[in-house]
Amino acid sequence: MALTKVIGDGLGAIPAISGASLTSLTSSQVDSGATTAKAWVNLNGTGTVAIRDSENVSSITDNSAGDYTVNFATAMANVNYSAVASGNQTRYIKSIDTIATDGFEINVRQNDTAGTFGDASIVTAIVMGDQA
């Protein structure tokens with residue numbers, strides 16, 4: 001990719017990309033399996049848990065306090081995909097547990113010495129990998 005000049009927009013200098021380089025990309029290169037998220041979810045983890053928005057997520061299950069299962073609409077090819085969880089409350093630690101081709105668990109624990117499970121109002125996750 002050729003850098004043709006440097007421009008600024010008040011946020012700092014960013015490199016410009018030559019138009020010729022952009023036109024040489026095919027749609028399969030831009031939307032290849034390795035470069036797009038295969039699933040993502042934003043859920044309300046308090047009270048009656050609910051999906052706010054998602055892609056390739058058929059449902060969520062509230063297993064217990066701070067323990068949610070995310071179920072895929074289309075399965076992953078194997079369990080070697082990458083899933084990352086996050087959320088809005090810094091006192092909680094989100095982690096991925098029990099990875100399967102049809103979904104995975106998100107554990108939300110309080111950031112204390114006991115690691116107590118706790119519900120969080122915003123829980124998000126994104127998945128990268130190959131689908132079945």
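The legends below describe several close-up views of a predicted protein model.

Residues are numbered from 1 along each chain as its sequence is written, and side-chain values use heavy atoms, with hydrogens and water left out. Because the model is predicted, local features need pLDDT of at least 70 and side-chain atom pairs count only at pLDDT 80 or more, whereas totals for chains, interfaces and linings use all residues.

**View 1. Overall composition of the chain.** The protein contains 2 helices and 10 strands, where helices (H or I, at least four residues) and strands (E, at least two) are DSSP runs numbered from the N terminus. Read from the N terminus, the order of elements is β-β-α-α-β-β-β-β-β-β-β-β. Of the 132 residues, 29% are buried; buried denotes under 20% relative accessible area, exposed over 50%, and partly exposed the range in between (1.4 Å probe, protein chains only). Among contacts with a separation of 6 or more, 46% involve residues 24 or more positions apart, a contact being heavy atoms within 4.5 Å.

**View 2. The open sheet with strand order 4-3-10-7.** This sheet is formed by 4 strands with antiparallel pairing; two strands pair if DSSP finds at least two bridges between them. Strand 4 (50-55) and strand 7 (82-87) are the edge strands, each pairing on one side only. From one strand to the next, the twist averages 15°, with axes fitted as lines to C-alpha atoms (for helices over the stretch in contact) and angles running from 0 to 180 degrees between N-to-C directions. Strand 3 (residues 39-44) is joined to strand 4 by 5 bridges, and the two run antiparallel. Asparagine 44 has alanine 50 of strand 4 as its bridge partner.

**View 3. The open sheet with strand order 5-6-9-8.** Here, too, 4 strands are paired in the antiparallel sense. The edges are strand 5 and strand 8 (92-100), each of which pairs on one side only. The twist in this sheet averages 20° from one strand to the next. In a regular strand, side chains alternate between the two faces of the sheet.

**View 4. The hairpin of strand 5 and strand 6.** Antiparallel pairing of strand 5 and strand 6 extends over 6 bridges. Threonine 61 is placed opposite threonine 69 of strand 6. The hairpin has 2 residues between the strands, and glycine 66 adopts a positive phi near 70°.

**View 5. The largest nonpolar core.** This core comprises 21 residues, and Phe104, Ile106 and Val127 have the most contacts inside it; a nonpolar core is a set of buried Ala, Val, Leu, Ile, Met, Phe, Trp, Tyr and Cys residues joined through side-chain atoms within 4.5 Å. At least two core residues come from each of strand 3, strand 5 (57-64), strand 6 (67-72), strand 7, strand 9 (103-110) and strand 10 (123-128). Beyond its neighbours within four places in sequence, isoleucine 106 contacts residues including Gly66, Tyr68, Val70, Ala85, Ile96, Val123 and Ala125.

**View 6. The aromatic cluster of Phe72, Tyr81 and Phe104.** Ring pairs link these three residues into a cluster, and the structure holds 2 aromatic pairs. Rings of Phe, Tyr and Trp (its six-membered ring) pair if their centres lie within 6.5 Å; planes under 30 degrees apart count as stacked, over 60 as edge-to-face and the rest as tilted. The ring centres of phenylalanine 72 and tyrosine 81 are 5.7 Å apart with planes at 75°, so this pair is edge-to-face. Phenylalanine 72 and phenylalanine 104 form a tilted pair, with 5.8 Å from centre to centre and 50° between the planes. This pair links distant parts of the chain, joining phenylalanine 72 in strand 6 to phenylalanine 104 in strand 9, 32 residues apart. Phenylalanine 72 counts as buried because its relative accessibility is 7%, and phenylalanine 104 likewise counts as buried at 2%. Tyrosine 81 is also buried.

**View 7. The surroundings of serine 121.** Serine 121 belongs to the loop between strand 9 and strand 10. Its relative accessible area is 22%, so serine 121 is partly exposed. Serine 121 and glycine 45 are separated by 76 residues in sequence, yet their C-alpha atoms are 5.0 Å apart in space. Not counting residues up to four places away in sequence, serine 121 touches Leu43, Asn44, Gly45, Thr46, Arg52, Asn88 and Gln89. The side chains of serine 121 and asparagine 88 make a polar contact at 2.9 Å; such a contact is a pair of N or O atoms within 3.5 Å, and within protein one must be able to donate a hydrogen and the other to accept it, while residues adjacent in sequence count only if both atoms are side-chain atoms.
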